[in-house]
Structures are given as C-alpha cells and as structure tokens.
Amino acid sequence: MQQTPPAEASAVALVTAQTRLRGYGRATRRFITHKPLGFAGLFVILVVAVAAVFADVVATHDPLAQNYADRLMSPGSAHWMGTDAFGRDLYSRVIYGARVSLQVSFFAIAIGSTTGLLLGVVSGYFSGWFDNLV
C-alpha cells in the first residue's frame, strides 16, 4: 500500500474545502435571489441576535434607569424609540429584552429536543403498545 505524502494530502484537503465553500456560496446566492423575503427575515433575526449578544455595547441608556423628566418622549436623537411612562429608554429595553427572549427560546428548544430524542430512543427500543402510545 502506497502512502500519500503529507504535502499532497494537505493540498487535496485544501482543494476539497475550497470546492465545498464554492458550493455553499452558490447555495447562498440562490437562496438570496430565489427567496428574498426569507433572506430578509434571516437578516433581521441575525441583526437582533447580534444586538442582543452585544447589548452592553449597543444599548444607549440603562434599560432600568427612570428619568421622570423624560417621560413619554417621542423618538428623537436622545432616545431613538422614545421613552415610556417612567422615562425609561425603549430602545435599550428592547435590546435587553431580546437577550432574555433568545435565552428563553434556546432553553425551550433544548428541552423540546432532549425530550423528543429520549422519547424517540425509548419508543424505538420498546416496540409494540409503548411505541404506539408514544
């Protein structure tokens, strides 16, 4: 059996990786051109997720700080989305709220996936009436 030299093996791996990346690029371009609304939705979700992860940097004010002098302000340069009845900045509250919403959704997905996986494995192992029940 003939051994492939390490340099040749790494070159083959590099060509394979480049081919795979080109395929992903084609698939991405096709998704953007054939499903523009899907791409727009994905883009919005990604922007919200990134803003939620970097909420400490992105938020302009403390979301819990109350300033009664700025109550019920309309959107402007000081408060991008305005303020609520307690003078809290709505933009900062939305950004920090997105962080909590993402944590809850990931936790719910983890619980649902784990439960479904366990029920599927047990149902596959015990056939018969238990399988039908599950």
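Before placing anything, I noted that helices here are DSSP runs of H or I with at least four residues, numbered from the N terminus. I also kept in mind that this is a predicted model.

**Entry 1: Asp 89.** I started with Asp 89 and found it in the loop between α3 (55-58) and α4 (90-125). Is there a salt bridge for this buried residue, or none? I found none: the nearest side chain of opposite charge belongs to Arg 93, 8.8 Å away. A salt bridge needs the nitrogen and the carboxyl oxygen within 4 Å. What I did find is a polar contact between the side chains of Asp 89 and His 79, at 2.9 Å. Beyond its neighbours within four places in sequence, Asp 89 touches Thr 60, His 61, His 79, Trp 80, Gly 82 and Thr 83.

**Entry 2: the salt bridges.** How many does the structure hold? I counted two.

One joins Arg 99 to Asp 56, with the closest N and O atoms 4.0 Å apart. Arg 99 sits in helix α4 and Asp 56 in helix α3, so this pair ties together parts 43 residues apart in sequence.

**Entry 3: a reminder to myself.** Side chains of opposite charge can pair when their charged atoms come close.

Note on methods
Residues are numbered from 1 along each chain as its sequence is written. This is a predicted model: local features need pLDDT of at least 70, side-chain atom pairs count only at pLDDT 80 or more; totals for chains, interfaces and linings use all residues. Side-chain values use heavy atoms; hydrogens and water are left out. Helices (H or I, at least four residues) and strands (E, at least two) are DSSP runs, numbered from the N terminus. Buried means under 20% relative accessible area, exposed over 50%, partly exposed in between (1.4 Å probe, protein chains only). Lys and Arg count as positive and Asp and Glu as negative; His and the chain ends are not counted. A polar contact is a pair of N or O atoms within 3.5 Å; within protein, one must be able to donate a hydrogen and the other to accept it, and residues adjacent in sequence count only if both atoms are side-chain atoms. Contact means heavy atoms within 4.5 Å.
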